[in-house]
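Dear colleague,

Please find below the structure that I am handing over to you. My findings follow directly after it.

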Amino acid sequence: MRGPVGAWGRVHLALTYAFLYLPILVLVGLSFNRSGLATTWGGFSTKWYGELRHNADIREGLRNTLIVAVGTTVLATILGTLLAVGIQRHVRNPVIEAVFVAPAVMPDIVLAVGLLLLYTLVDFTLGLTSVLLSHTLFCMAFVTAVVRTRLQHVDSSLEEAARDLGDTAVGVFVRITLPGLAPGIVAAALLSFTLSLDEFVIAFFTNGPTTPTLPQVIYSNVRFGVKPDINALASVLLLVSTVAVLTAQRFARFTDTIERQ
Amino acid sequence: MKSSHGHSRGGRTRRANLGERLVLLGPGGLYLAAFFVVPLVLVVGYAFLTPSRFGGATAPVSFDSISRLAEPVYRRVIATSVVLALAATVFALLIGYPAALAIARLPRRWRTIALVAVVLPFWTNFLIRMYAWIVLLNNEGLINRILRGLSVTDEPIALMNNRPAIVLGLVYAYLPLMILPLYSAIERLDPQLGEAATNLGASAVTRFRTITLPLTTQGALTGALFVFVPSLANFIVPELLGGGKTATIGTLARDQYLETRNWPFGSSVTLVVLVIVGLIVAAQSRFARRYGANA
């Protein structure tokens with residue numbers, strides 16, 4: 001069954017990649033178009049990237065997004081790593097296991113609506129904190145999944161040896177478990193950061209009116225057509241996500257995680 | 001009871017075990033309870049309350065919001081969403097199955113690269129990926145420009161702000177989620193099965209029909225779930241590529257929450273998504289139990 005790829009299979013695969021990547025590549029190409037139009041090539045220019053720095057909305061959005069993404073990454077990585085180790089050691093019930101990763105697969109609008117109801121009910125002012133808390137929920141689920149995959153490759157006999165030699169539970173965790181998990185944790189943190197950086201729907205529902213995140217700024221721009229500085233901003237964000245995801249992949253083959261779900 | 005597992009593996013005392021559980025599972029568990037379980041309960045609960053004037057809800061318990069879903073307008077919205085999401089799922093399967101098959105048959109060292117290339121777009125900004133299609137499809141966009149350049153047409157052709165564009169956007173958005181589970185199902189096939197079939201004289205078509213296809217059905221179902229569910233609830237694609245002309249479950253929920261501010265009805269609409277998700281997951285796990293865990 002492993003035989004060479006049929007010619008049709010290869011053609012189909014090439015077309016699939018073209019479908020996935022051509023729109024993105026066109027967008028990046030246009031971001032360097034001096035004319036700023038989709039249809040007329042005015043020569044190579046980086047002027048739209050320069051304009052980004054002078055756009056107050058974008059700067060403000062970037063600032064808000066970074067606050068949320070950094071906070072989310074820290075919180076989600078800590079909570080998700082503890083959960084992953086805890087599930088691995090103590091949870092044998094597949095239903096409970098599934099509940100812990102459920103926020104990662106639940107449609108975003110369901111989470112968004114539920115969280116809005118929660119914040120309103122307890123009178124929590126909507127703003128960057130509520131977005132941060134919301135993002136932590138689904139990022140935590142991704143961290144749990146990625147770190148668990150890594151755990152399955154870690155040899156538990158080292159932990160047992162340290163314990164037999166009289167190390168405390170905390171000592172074993174800090175000296176043996178965490179270093180063994182480090183690649184998975186780094187990958188999970190990078191993925192949390194990109195997820196939060198790019199997240200729109202939940203921010204749209206749970207953010208206050210005065211602190212839009214970058215995706216919210218993009219949304220209010222792209223609703224009204226094509227804009228050359230948005231092309232440049234989009235290219236920058238694509239680059240950031242790509243670098244983060246490829247680095248995460250190097251640290252821990254997180255594609256294994258997705259396959260296993 | 002369950003600690004006996006941990007006991008035999010770790011050989012620690014029961015009390016240390018409980019403390020460790022609390023430290024490891026406590027914070028995340030509480031977080032999940034507060035920010036996941038409670039919100040889901042609230043969505044269900046609000047669907048059965050009376051709307052108050054500026055958002056929010058009050059007593060008494062009411063079935064008005066749920067029964068409004070049966071009004072022809074909203075029945076049509078739900079039907080439209082299901083049809084669009086189904087169309088996206090079918091196209092994603094038609095594109096994704098042969099793609100997953102082709103990836104599984106690449107030389108081993110190419111397979112990882114091919115898979116990463118599939119997931120990479122999925123991890124980039126959703127709005128930007130939709131915006132990229134606006135750049136291509138709008139009346140002054142690249143494709144219309146090329147068509148006019150080739151004298152295929154003088155007038156711009158409406159390539160977006162219609163339903164096919166919504167399906168296109170959904171397929172583009174969620175295709176990676178179809179390919180991954182399909183790939184892992186295909187990858188797990190025992191090559192000996194195919195060899196045995198060949199030795200017994202089966203043709204390539206018979207082999208595919210009797211071995212590959214049935215053994216990868218579970219993967220296809222998982223992929224279908226991963227495409228169908230987010231497609232159903234999405235409001236960005238109908239807005240950006242559909243031109244906001246097509247009401248879907250997603251756009252309806254958004255409008256009820258953020259514009260009309262009828263939260264009980266918005267919750268009822270969201271509940272539709274939850275119920276459909278629940279039904280599919282239940283059906284899928286029954287299928288998995290009956291045919292063995294192939295995914």
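Which residue follows helix 5 of chain A, and is its phi positive or negative? The residue is A:Asp123, and its phi is positive, near 60°. Please bear in mind throughout that this is a predicted model.

Helix 5 of chain A itself covers residues 108–121, which makes 14 residues. From its first C-alpha to its last it reaches 20 Å, close to the 20 Å expected at 1.5 Å a residue. Twelve of its 14 residues are buried, so the helix is largely enclosed by the rest of the structure. The buried residues include A:Asp108, A:Gly114 and A:Tyr119, as well as A:Leu115, A:Leu116, A:Leu117 and A:Leu118.

As regards the contact between the chains, chain B contributes 72 residues and chain A contributes 65 residues. On the side of chain B that touches chain A, the largest share comes from helix 2 (residues 14–46) of chain B, with 17 residues. By class, that side of chain B has 51 nonpolar, 14 polar and seven charged residues.

Within chain B, helix 5 (residues 108–119) packs against helix 8 (residues 163–188) at an angle of about 150°, and their axes are 9 Å apart. Because angles over 145 degrees count as roughly antiparallel, helix 5 of chain B is roughly antiparallel to helix 8 of chain B. The crossing of these two helices is left-handed. Helix 5 of chain B supplies B:Leu115, B:Val118 and B:Val119 to the contact, while helix 8 of chain B supplies B:Pro176, B:Ile179, B:Leu180 and B:Tyr183. This contact has seven nonpolar residues, with no polar and no charged ones.

Yours sincerely

Terms used
Residues are numbered from 1 along each chain as its sequence is written. Chains are lettered from A and ligands numbered from 1 in the order in which they are written. This is a predicted model: local features need pLDDT of at least 70, side-chain atom pairs count only at pLDDT 80 or more; totals for chains, interfaces and linings use all residues. Helices (H or I, at least four residues) and strands (E, at least two) are DSSP runs, numbered from the N terminus. The expected span of a helix is 1.5 Å times one less than its number of residues. A residue is buried if 20 or more other C-beta atoms lie within 10 Å of its own, exposed if 12 or fewer, and partly exposed in between; C-beta atoms are placed from the backbone. Two residues are in contact if their C-beta atoms, placed from the backbone, lie within 7 Å. Ala, Val, Leu, Ile, Met, Phe, Trp, Tyr, Cys and Pro count as nonpolar, Asp, Glu, Lys and Arg as charged, and the others, Gly among them, as polar. Axes are lines fitted to C-alpha atoms, for helices over the stretch in contact, and angles run from 0 to 180 degrees between N-to-C directions. Angles under 35 degrees count as roughly parallel, over 145 as roughly antiparallel, 65 to 115 as roughly perpendicular and the rest as oblique. A crossing is left-handed if the near helix is turned anticlockwise from the far one by less than a right angle, and right-handed if clockwise.
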